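Hi everyone, thanks for coming. Let me put the structure up on the screen, and then we can walk through it together.

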Amino acid sequence: MDRREFLKLGATLSAAFGILNLPKPVIAALKKIEPQSIPKLIYLQGQSCSGCSVSLLQAASPSPLTLITNYSQLAFHTDLSAVSGKKALDLIEKYISGKAGDYYLAVEGAIPAKMPEACVIGDKVFGQYLEAAASTMIGAVAVGSCASDGGIPAAEGNLTGAISLRQYYKQLNINKLIINLRGCSVHPDWVWQTIINIVKVGLPELTDQGSPALFYSRKVHEQCPRYHDFQQEIFATKLGEGGCLFKLGCLGPDTAADCPNRWWNLSQSWCIAANAPCIGCAWPNFARKKDFPFYRLSEQKKPIERS
Amino acid sequence: MKVSLGPITRIEGHLNIETTVEKNKIVDARCKGEMFRGFEVFLQGRDPLDAQQITQRICGVCPYAHAIASSYAQESTYNLNVPPNGRIMHNLIQGANHLYDYLLQFYQLAALDFIDVTAILQYKGKDADLLTVKNWVQAELASGKSYPAAPFLPRLSGKYIKDKDLNIGALKHYIEAMEIQKKANAAAAIFGGKFPHSTSIFPGGCTQNARIDLIASYQSLIHEVRDFYHNKYIPDVLAVAKAFPEYWEIGASKGGFLSFGLLPVTSEPNSERVFSSGALLNGDISPVNFELITEDVKHSLYSSPSGLKVKDSTLTPSPHKSGAYSWIKAPRYQGQMVEVGSAARILVDYHQGHNPKVKKLVDTFAGQVGIKPSKINSVLGRYLSRAICGAVIADFLLDETERLDTKGPTIADIKIPASGEGFGATEASRGALLHYIRIKNYKIERYECVVPTTWNASPRDDNNQPGAMESALIGTHVQDPEDQIEAVRIVHSFDPCIACAVH
């Protein structure tokens, strides 16, 4: 980039971010964002509730609009794209066949491995898009617990054989980069900050579950502000009480996520701050087993075997 | 000629519409829900208190509605005495969710049907947001990349608003609405724990405390949302209506209207609600009776019996079933096709003369735009209805916060019986929502949901009566038979959610 281009870019970004007075090293770092290199996302939904998409729109700062203009580009998204129908299918096809340039595949929702017709887009089953994209995409981002682990559609007794993106590609012997961003719904920061990391620094450090360590390396329990209550054995015995929620069934000890530090929804709240036990929505086995309910209402109930 | 309009975008989920067009007129339309998960199957055998968590995942746009309907059904089953605070908190959470949803629907989902996004290139003012977008669009168009300015371009061919100031104003509000909807959800999350998917909603109330600092934060956020509604959103709806007056005559559904009522004013079972429930069929209103709801599956991908009542409902998926075209069942009320949603909710309440605030707003706006209240059954009528519902809800929520008792309990003592059953009904943003739970041996034996878009996007029933959206599409003139922007505008006015419809 030459000096004139840099100044033009700097001015645009300054207007977008209000960063006129940042220290010189930071301004220098911004040189790294080349408009042409902003990741283009082809965002496809499988067996999804769209909660993760809605969650992405709850990003605090940078704003969702800034995120989809300056840090990434949503080449296609069911909820936001202006175009629909055949023109939309042509757009998706052009990217997936490799004719529209580099892109990342973002997948929200599970894949119905035992019943392909349980998810159709246009005239193809969902799996066909995933298979075709594997050979042209830079990598994939599994947005939310459904795409990362199967999620609620994969609950015990489901009829569609719902599985995660990783499991689906493994079945096809496809070995491409997949970043798993768990959460039901995923926290907007976990997705957007991963993308920002990719744009400005490179691939983030991943845990052995394939998730960015920045958000997913420590359990909720280890970071919980009620850890003191746990230590002092100040336990809530009924729903609605404060104190440690462990005896009501809180899955903080099993669940790796930084909710206690990040909070949710413009930092107004998070589950445990509302006296609501963690239900393990970012845990790989979230909601999987019928005989492992979310709550224990009384101490007399037998502890359940955790699989 | 046959033209498939799917994948429909700027809705929730997997929707295709197969149209048959002759001489620029839609003579047939088939709404196809194209994604299935089967909640009613995998809920069986689970602990009942899992239900209001699991059913929220039917939909990440309106999860709170499912949590509330499930909570009502469980409250009825367990015979809970809900403390007033518990019911108020349910209302505060659910009401705030409606406020975000209507904004998201009008701006992020629907606005691009009407607003000319390229008008930003003519902007000559100093607003930082608009300049940023202008520069971005210019840079995109000059970049030579495939699909510049995606996802806002490309778009369907059609007539968009020509007035430059109206376009620019609406684009500015699109950007602002993206910020304001977050605040509505932040308010809901103060009591709900987080959005999407609340963890603090339970049968019998909420786990959060009725603390004065939480109440004050909630009120402040809702005030901001309310101001946006009155100063920007409602004027924008009226401006779009003025620019496209023909859409008062386009998109009418050809059946009745159903509402289950929204926001109970006391914590008694069967309490009066801010918006009353009712079935409006052939111009006559009657109280809702869940026993009159049946679900046909002749054209739906299930081999289970057709015409079952909710309590007896079952499903066996049959992905290759001949003659079937949708994963959505065909619910009917007394055998009749009905529309649900904000327009239905307004018409039912207005017809009963129930809420004077509803009547006043309908009469005022109908007067302003020069229509009869019956024209609410139209593309524009649905957008106007959402705005009216939001205005009424915003004021109610601010009053509700004053009724919280900062010293009182917020949740009932929950004791789950060995067996029992119950219905829970509410109005999600998109309309009438019903949950039914039956418990045996302390576990869920049966769980059934009839969801708003199940009604609206329903396929034909066993008597080949089209669903509400199908009936609204049939007979529509389309200028371009390939793009059919007129049809897409009709679909968007219903605000469909296919994840909900199929569940």
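Let's begin with a question: leaving aside its neighbours within four places in sequence, which residues is B:Leu103 in contact with? They are B:Ala177, B:Ile180, B:Gln181 and B:Tyr233. Before we follow that up, please keep in mind that this is a predicted model.

B:Leu103 also belongs to the largest nonpolar core, which has 265 residues. Along with A:Ile42, A:Ala142, A:Val143, B:Ala96, B:Ile388 and B:Leu434, B:Leu103 touches the most other members of that core. Helix α4 of chain B, residues 84-110, gives the most to this core, with 14 residues. Chain A takes part too: at least three residues come from each of its domain 1 and domain 2. As a general point, nonpolar side chains in soluble globular proteins tend to be buried together.

Now back to B:Ala177, one of those contacts of B:Leu103. A kink of about 30° in helix α6 of chain B is centred on B:Ala177.

Over to chain A, which is divided into domain 1 (33-215) and domain 2 (218-307). Their centres, taken over C-alpha atoms, are 28 Å apart. The contact between them takes 17 residues from domain 1 and 14 residues from domain 2.

Chain A also has some cis peptide bonds to show you. One joins A:Ser61 and A:Pro62, with omega about -5°, and A:Pro62 is in the loop between α3 and α4 of chain A. Another joins A:Cys184 and A:Ser185, with omega about 0°; A:Ser185 is in the loop between β9 and α9.

Last stop, chain B again: is B:Asn282 buried or exposed? B:Asn282 is exposed, because 7 other C-beta atoms lie within 10 Å. B:Asn282 sits in the loop between β7 and β8 of chain B, and its phi is positive, near 50°.

Note on methods:
Residues numbered from 1 in each chain as written. Chains lettered and ligands numbered in written order. Predicted model: local features only at pLDDT ≥ 70, side-chain atom pairs only at ≥ 80, totals over all residues. Bend = angle between axes of the 7 residues up to and from the residue. Helix = DSSP H or I, 4+ residues; strand = E, 2+ residues; numbered from the N terminus. Core = buried A, V, L, I, M, F, W, Y, C linked by C-beta atoms within 7 Å. Buried ≥ 20, exposed ≤ 12 C-beta atoms within 10 Å, placed from the backbone. Domains from an automatic or database assignment. Contact = placed C-beta atoms within 7 Å.
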